[in-house]
Every structure is written in C-alpha cells, then in structure tokens.
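These are my notebook entries on a two-chain model. I set down what I looked up, entry by entry, with each criterion given where it first applies.

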Amino acid sequence: MRKEIPLVIMVACGVFMAIQFFVPHELPALIYQNLNKTVQVVGAVALVLGIVSLLSLHFAKINRRQPGYGYSYILIAFFFMMAASGFLPAKVNLGSFLGTGDRVEGSFYLNLYNYVLTPVQATMFALLAFFIASAAFRAFRARSVIATLLLLTAIIVMIGRVPIGPFVLGDWISDLADWIMAVPNAAAKRAVIVGVGLGILSLSLKMVLGIERAWLGGGR
Amino acid sequence: MPGMVSLTLAGFLTLGIMSFVYKDNPIYKFCESIFIGVSAGYYFVLIFYQSLLPQLTDKIGLTGALTDSALAYYRQSGSLASVQWFNLIAAVLGMMMLMRLLPKIGWISRWPLAFVIGSIAGLKLIGELQTNIMTQIQKSILPLWAPQYVDGSLSLAASIGQSLTNIVLVGGILTGVIYFFFSKEHKGVFGGAARVGIWFLMVTFGAAFGLTVMSRMSLLIARIDFLLRDWLHLLG
C-alpha cells in the first residue's frame, strides 16, 4: 500500500493533467488551476525540506566535531539571522547600523541582501572568469577541426560583440557574429531543444503510464 | 547598516571570495559559509512570502498579514469556498511532505511527491509537444529557395543569401537531430550527417563559451569597479 497508493495518485494526476488540455469546460479548468497552485505549495515545502536538510547536516557536523565544523556555526548563525530578519515586524528598529524591521528599503533584511548576499554572489560568478580563462587556454589549443571551429566561433562572437571589434576590423565582424548567433547557433540549439523535448515526452509518458517507478525509491 | 560600514563589509566579502584565486583558504571558507547561510535564509523567507503565504491564503500578497489565512477566512465567513478547500488540501499535502524528516513515517511523503510528479508529467506530456517539439519543427520548415523582392523586382543576390541561410538552418537542424539519434550506428551517409551535426554543435558551444566569458568578465569588471570606486574611492 505504501507504493501502490502513490502510484495511483501519480497516474490519476498525470492522466487528468494531460486530458484537461482537450476538455473545453470550466470545471477541468478550475481543477487544473487549483492543482497547479497545490503543486507550487508542495514544491515550496520541498525547498523548505532542502533547507532543513542542509541545517541538519551542519548540526550533525558540529555534533561530531568534524574537520571545519567551525564554519557550520557561521552558516547556521547567518541562516537564522537572515530568516529572522525577514519576519521582523515593521515597527522594530535595530538602530541605524542594522536597520529596521519589515522588508522595505533600509530594513535589516534588505541590508543583508544588498551588502552580504549580492556582493558575494556576484563575486562567486565573477571568480569563474579566472577559471574560464584557464579552461579557454586548454580548449583553444586547436588540435582538431571541431576544436578549431569552437575556437573560431568563440573569438568571432567575442570580438564582434565588443565595441573595439568593429572599430578595428570594421562592421563585418559584428555582422558575422550576429549571423553565427542567428543561423548555425540557432540551428544546433533547435536540434538540442527537439531532442530534449522528445526525451521529456517519452519520460513523461513512462511516468503517466506508471512504467517509470524509480522515484518511489527502494525499501518499503 | 548604511554608509562606510556596509560598504566595508561588502568589500571584505568580495576580497574574501576573490582570495580563492590564490588558493583555498580559511577566509574564503568563512565568506562561503556566510554566503550559504544567508542564501538559505533569503530563499526561506522568499518561499514563505512569495509561494506559501499567497498560495495558501489566496488573498494576500508580499506585504499581507500572517493572520489572514484560510482558517481566518473560515472564522470570519463561517464557510470554506471551493478555492479554500483546495488551499487546505495543499496545506495538508505540504505537511505530508515534511514527514520525510521522520524516518518511521517518511513513506507518507510519497503521496505529495506522487501528486507533484504526476501533475508535472501530465502537463509536460502535452506542453512539451506543443511548445518545444511542434513549434520548433514548424519554425524549421523553411523554403530552400527563398526569392526576395526589392522594389517589386526579384533580387538575385538577396534571394541567394536568404536561401543559403535557410539551407544552413534546415541542414543544421537535421544533422543536429541525426547526431542525437543513437539507435542507428553512425556510419556511412548517416555517420557523415552526424559529423556535420557535431560541427554545428561546436559552433553553438563556441558561441555559448564566448558569451559566457564575456558575461563573467563583465561581472569581474563590476566587482573591481565596486572595490576601487564605491569602496576605496580610488577612481573618480
């Protein structure tokens, strides 16, 4: 029963969601709308579950005094600080240094977002520029036809998309970059999208028909 | 947290993350832990206010009061509309999802999971066919000879240009799809077409690589600009 009932729920939901596209009546539309909303709620709770899992992992790390457990203290402290700041009532004032309650400009929540989360996130992504440079060095040593093709395309797109490219070489370079993006790039992307679409279609069909059951997991 | 203190904090965190370029070090790990903690907290608040609260209550947005829930509506009106019943079902399924945290009754979480997987699979079954497969194929059916008219008369140069573009586009899509078809061995004419497909894919990867390098460089320039201009005031 622990596996059969979920399977029945899944098949029923899948069949209904697929069929409702072809039923022009307000009842299936209303059910569809509410099922969609319910999916969003369950999805949101799943994300909360992920956060709880992250915290329990770090609590366990602290309990076992694993190497680097001190960082887990920092992670947990900043999690609770950020989460608490989001639920502070509007009338709370933590002083000019931290900010106010609520989630408006100048609040503690948005201060943490603007001066902690945003700079670290942007720097994390910016950091990839260094690693991409080293990856480019390895990838751009044109050893074969396809590596040369990759190298040439990347160079043309980069030079064609910055002002100095057309300034030095003329407008043809930006036109060529635009053509590459609009024609061969679009062609291969379309092929990938069609391939991915067919893959999703077959997997969805297997799911709805109850053939694919790996999501039920092992055990009871 | 206004002014210099906040900028110094942001500057310290920026430099802390950048220190990873030298090697993995305690300052980087410290900043990384802060990032993960703050991100998790941020998304927790965001999920609560943007998904859970509005979806469960149907009446409130980002700035709504916590007390205005489906149950509060019930207390006020004495009835539950069909929409509110659905909200309660959503809330119950959400609670069942949390059962995963309790090993003995963790199996209950399969019910909401089945609900989500089934619904999404059913939606994708038709949605994917409509949006990705049919639309893309429809857009790819192009004339291989595309006459172009300039001021009412046929322009041979423009026609050849457009026809070549169409041929490259259709050829790229066909050979790209052939490359992803692994049920037949890539040999002979089929193998040749698959090889051309790889060339098209390499052009796409090269373009994606070039654009990624440019976007990361832009971000790096922005962070250096922040450090030198906003924080240290070394640039005018």
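**Entry 1. The contact between the chains**

I began with the contact, which takes 98 residues from chain B and 104 residues from chain A. I counted two residues as in contact if their C-beta atoms, placed from the backbone, lie within 7 Å. On the side of chain B that touches chain A, at least two residues each come from helix H1 (3-18), helix H2 (26-57), helix H4 (82-98), helix H5 (110-140), helix H6 (156-179) and helix H7 (188-231) of chain B. H5(B) gives the most to this side, with 24 residues. I took helices (H or I, at least four residues) and strands (E, at least two) as DSSP runs, numbered from the N terminus. By residue type, the side of chain B that touches chain A holds 69 nonpolar, 22 polar and 7 charged residues. Here Ala, Val, Leu, Ile, Met, Phe, Trp, Tyr, Cys and Pro count as nonpolar, Asp, Glu, Lys and Arg as charged, and the others, Gly among them, as polar.

**Entry 2. Conventions**

The model is predicted: local features need pLDDT of at least 70, side-chain atom pairs count only at pLDDT 80 or more, and totals for chains, interfaces and linings use all residues. Residues are numbered from 1 along each chain as its sequence is written, while chains are lettered from A and ligands numbered from 1 in the order in which they are written.

**Entry 3. Chain A as a whole**

I found 8 helices and 0 strands in chain A. The radius of gyration of chain A is 26 Å, well over the 17 Å that the globule rule gives for 220 residues, so the chain is more spread out than a compact globule. The radius is taken over C-alpha atoms, and the rule is 2.2 Å times the number of residues to the power 0.38. Along its principal axes, the C-alpha trace of chain A spans about 65 × 60 × 45 Å. Of the 220 residues in chain A, 31% are buried. I called a residue buried if 20 or more other C-beta atoms lie within 10 Å of its own, exposed if 12 or fewer, and partly exposed in between, with C-beta atoms placed from the backbone. Among contacts in chain A between residues at least 6 apart in sequence, 21% join residues at least 24 apart.

I then checked confidence, given as pLDDT from 0 to 100 for each residue. Chain A has a mean pLDDT of 88, and 96% of its residues reach 70 or more. Confidence in chain A is lowest in helix H4 (residues 108-139), at a mean of 87, and highest in H7(A), at 95.

**Entry 4. Helix H7 of chain A**

Which residues of H7(A) are buried? I found A:Ile173, A:Ala177, A:Ile180 and A:Met181. Seen down the axis of H7(A), its buried residues fall within an arc of 100°, so they line one face of the helix; the arc is that of the directions from the helix axis to the C-beta atoms. They pack against helix H5 (145-160), helix H6 (164-169) and helix H8 (184-208) of chain A together with H7 of chain B. The face turned away from the buried side carries the exposed residues A:Asp171, A:Trp172, A:Asp175 and A:Ala182.

The 25 residues of H8(A) should span 36 Å at 1.5 Å a residue, and the end C-alpha atoms are 36 Å apart, which agrees. The expected span is 1.5 Å times one less than the number of residues. H8(A) is followed by A:Gly210, whose phi is positive, near 75°.

A:Leu201 lies in helix H8 of chain A and counts as partly exposed because it has 18 C-beta neighbours inside 10 Å. Leaving aside its neighbours within four places in sequence, I found A:Leu201 in contact with B:Leu125, B:Glu128, B:Leu129 and B:Ile133.

Chain B comes to 7 helices and 2 strands, running α-α-α-α-α-β-β-α-α from the N terminus on. Of its 236 residues, 30% count as buried.

Most residues other than glycine have a negative phi. B:Asp151, not a glycine, has a positive phi of about 50°. B:Asp151 sits in the loop between strand S1 (148-150) and strand S2 (153-155) of chain B, and is exposed, with 5 other C-beta atoms within 10 Å. B:His233 also has a positive phi, near 55°. B:His233 is found in the segment after H7 of chain B and counts as exposed, with 9 C-beta neighbours inside 10 Å.

Notes:
pLDDT is the predictor's confidence in each residue, from 0 to 100.
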